[in-house]
Amino acid sequence: MSEPDLTNPQYYLNRELSELAYQERVLSEGTDERNPPLERLRFLAFFTKNTDEFFMKRVGGLKQQITAGVTVTTSDGRTPREQLHDIIDAARPLFHRQDTYWQTELKPELADVGIAIREYADLSGAQRDQLRTYFEQSVLPTLTPLAFDPAHPFPFISNLSLSLAVLSTKAGEGTTFTRIKIPSNQPRLVDVPDTSEQYVLIEDLIEANIDMLLPGLDILDISKFRVTRNAEVRRNEEVAEDLVDIIEDVLEQRRFATVVRIEVDADMPDESVAILTEHLDVDDREVFHREGPIDYEDFFALLELERPDLKLQSWTPQTHPRLLPKAGDTRNETTIFDEIREDDILVHHPYHAFETTVQRFLDAAANDPNVLAVKAAIYRTASDSKVIQSLIDAADNGKQVAVMVELKARFDEKNNLEWVRRLEEEGIHVAYGTVGLKTHTKTALVVRQEADGVQLYSHVGTGNYHSETAKGYSDLGLLTADRDVGQDLTKVFNFFTGPTLDDRFRKLLIAPVTMRERFTEMVRREVEHARAGRRARIVVKVNGLEDPTMVEELYRASTAGVEIDLIVRDICRLRPGLEAVSENITVHSIVGRFLEHARIFYFENAGDPGWYIGSADWMMRNLDHRVEAVSPVEETRLREQLRFILEASLTDNRRRWVMQSDGSYERVTPDDEPVRDIQEMLMAATEAALERGYGPGMDVDTDLIEESLLVEAASDGGVDGGRDSSATIDDSDGDEEGRSDGGTVSFFDRYAEHWYHPDSETYEWAVRTGDGDRRYFKTRDGARTRLRAEYETSS
């Protein structure tokens with residue numbers, strides 16, 4: 001059979017449509033009756049937030065390309081115009097599904113349990129009177145009607161602003177179009193008087209009392225609409241003297257950027273639609289008629305209600321057990337630096353609290369008299385960031401402090417600008433971006449004077465230094481005193497303030513200089529092992545797999561026989577299950593209460609496995625156009641935790657979806673098996689570890705997972721394949737059972753047809769599963785557990 005042409009567009013999914021497929025999975029959580037009502041509402045609100053950003057960024061970028069006459073096709077063979085057409089066709093039914101579910105299912109269900117979004121006309125006369133007084137006193141003074149007629153130009157309509165379009169007339173005069181912006185500084189959900197947890201939407205309140213705003217007019221129609229503008233505004237960095245000036249200009253330009261979408265009431269009259277499309281310069285296809293409230297994001301406020309009966313059981317991030325006081329340390333003399341120097345610490349948010357791990361690390365650095373310098377790279381941080389305050393405290397305490405703040409972190413530019421000014425006012429040296437690259441690495445470095453010399457302490461993470469997102473994003477971080485990692489980070493921080501980025505690193509994989517090359521080498525190494533008959537496996541957990549070159553490498557690995565599991569939350573260009581191309585690849589996606597944001601990379605390497613975590617997805621922007629850092633994880637106990645995360649993810653039957661070869665996803669269901677929710681399992685493992693006391697961050701229950709990922713090298717190296725045929729293995733296990741002839745039969749004798757000893761340096765046992773597959777184990781206990789799971793219930 002000839003080699004497939006891996007540049008053929010049929011082997012690649014479209015990036016934008018893959019993103020919409022992810023948003024469909026988010027929406028599915030919002031319509032999943034297994035979730036309590038307020039959890040479903042949260043996902044409906046997230047769907048609005050996510051698709052708003054999608055249209056601002058991705059659709060905005062496509063419209064720019066179309067305007068510029070770009071006709072170059074993507075790896076899946078589509079031009080920008082074709083992509084825009086397909087996106088609109090794919091998005092329209094999703095918005096319809098969101099509206100229909102809200103109107104017919106969730107809104108009535110919430111009303112039945114006391115949380116009601118009321119129709120204004122259904123309120124009592126007394127309630128309407130009180131709300132009219134509230135409107136007159138509190139809302140009316142904030143409104144500014146903007147008429148469009150020969151004496152008034154068409155008004156500017158800002159991005160994502162909700163508005164009313166009013167058609168009115170006077171006797172003997174023509175029709176006037178008036179735009180009324182819904183004030184964003186007023187609560188969208190207005191309390192209904194003399195009730196609890198009942199509301200009217202402010203736009204309905206304004207509409208019902210429009211006579212006070214537009215007196216003396218005959219109102220022909222009032223309809224809601226919302227405009228989305230392009231966020232892909234760019235300035236040439238090469239010709240600007242100051243990156244701060246660029247960012248401020250970009251923020252200003254976004255206000256006036258091209259319109260990419262208009263959402264309107266389903267029954268908005270054609271006259272109003274025509275006025276909007278003409279003066280906002282959009283095509284009719286870019287108008288989305290909505291049956292619901294248009295903007296669901298304000299419904300996040302309802303999640304703050306004290307209604308635990310309507311939510312998932314709350315989760316409080318825990319202190320990492322390694323950071324609890326040691327036995328006998330009654331004066332708490334052990335510092336976090338002592339703990340890190342003793343052994344690396346792996347933290348996992350939101351299971352471990354950000355405040356008692358990463359924030360504690362930075363606080364200790366700021367206040368420890370032995371610390372000489374603190375350096376940190378900030379991509380996103382909270383508006384009231386304690387991280388920034390720690391860096392300021394460090395400078396006040398005489399430390400050398402250097403901070404890299406990425407001003408180009410999309411939609412956080414304004415917040416980061418404010419922090420740059422605050423830091424510079426404190427006399428801290430701030431680097432705020434580099435020409436042509438974003439700094440996406442999540443790293444911090446502490447330089448400390450100790451009795452045996454200067455020691456380097458590093459944090460390499462997958463998530464931002466943001467205390468709030470750390471409560472809802474699933475992220476990992478490595479705290480280490482490994483000097484090689486510290487020296488590598490020293491080079492990275494020197495790049496932020498110096499002229500060039502070194503391309504020689506001891507342990508870290510750094511983009512854009514070494515990461516792509518090293519990942520490619522590791523994938524190709526698995527290919528070599530597979531072709532030599534050695535077991536080869538790759539498991540990767542990322543947010544996105546978009547880079548066509550990495551997809552091609554994975555295809556080649558699959559055709560060589562490498563077993564590949566990809567846990568990709570969001571965008572994935574790769575098609576699994578294609579004959580002679582990707583038959584050995586499975587693509588999974590997990591959508592749950594926490595946003596799966598951690599990046600983990602596993603390469604089996606014929607028995608000498610490599611484990612890595614870091615900030616980079618397998619996307620072109622991460623590998624080639626951003627500064628990223630990925631670190632090896634070398635300690636066995638930490639690898640055990642990573643193995644638990646991956647293995648449990650691959651067996652999740654509650655939150656996991658599996659991609660089909662056409663790019664669609666099917667949800668995995670438990671059927672008759674026990675429900676296995678990865679995030680619930682990790683919460684339980686964290687609590688169990690805390691109950692146990694000082695020690696690893698999670699109490700890994702190996703009975704819950706298939707122990708097929710190696711955490712340390714096989715004792716004999718395991719790289720040559722083959723086994724000494726004269727070697728013997730004791731199959732007896734003390735689990736003998738009585739036979740009718742008075743003898744005994746061991747457990748393994750009873751299931752002799754279902755297992756064998758493979759010809760492998762790495763694995764001692766192989767089990768034939770009920771579905772015809774094979775699973776490999778290093779230990780007898782692992783094989784026994786699998787045999788019981790497969791065959792005990794039926795014997």
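At roughly what angle do the axes of helix 1 and helix 2 cross? In this predicted model, where local features need pLDDT of at least 70, side-chain atom pairs count only at pLDDT 80 or more, and totals for chains, interfaces and linings use all residues, the axes of helix 1 (residues 15-30) and helix 2 (residues 37-67) cross at roughly 165 degrees and come within 8 Å. Residues are numbered from 1 along each chain as its sequence is written, and side-chain values use heavy atoms, with hydrogens and water left out.

Axes here are lines fitted to C-alpha atoms, for helices over the stretch in contact, with angles from 0 to 180 degrees between N-to-C directions; helices (H or I, at least four residues) and strands (E, at least two) are DSSP runs numbered from the N terminus. Helix 1 and helix 2 are therefore roughly antiparallel to each other, a label for angles over 145 degrees. Contact means heavy atoms within 4.5 Å, and the residues of helix 1 that meet helix 2 include Leu20, Val26 and Leu27, while Phe43, Phe47 and Phe54 are among their counterparts in helix 2. By class, this contact has nine nonpolar, four polar and six charged residues, where Ala, Val, Leu, Ile, Met, Phe, Trp, Tyr, Cys and Pro count as nonpolar, Asp, Glu, Lys and Arg as charged, and the others, Gly among them, as polar.

Turning to the strands, two of them pair if DSSP finds at least two bridges between them. Strand 4 (residues 175-181) runs antiparallel to strand 2 (residues 146-148), to which three bridges join it, and Phe148 stands opposite Phe177 in strand 4. Strand 4 is also joined by seven bridges to strand 3 (residues 162-169), again antiparallel, with Lys181 as the bridge partner of Ser163. Five residues lie between the strands in the hairpin of strand 3 and strand 4, where Gly172 takes a positive phi near 80 degrees.

Strand 31 (residues 765-768) pairs with strand 32 over four bridges, and Ala766 has Tyr776 as its bridge partner.

As for confidence, pLDDT is the predictor's confidence in each residue, from 0 to 100; the chain has a mean of 88, and 88% of its residues reach 70 or more. Over residues 716-744, however, the pLDDT is below 50, although this stretch has 50 contacts in the model beyond near neighbours in sequence. Where pLDDT is low, the predicted coordinates should not be read in detail.

Key. Angles under 35 degrees count as roughly parallel, over 145 as roughly antiparallel, 65 to 115 as roughly perpendicular and the rest as oblique.
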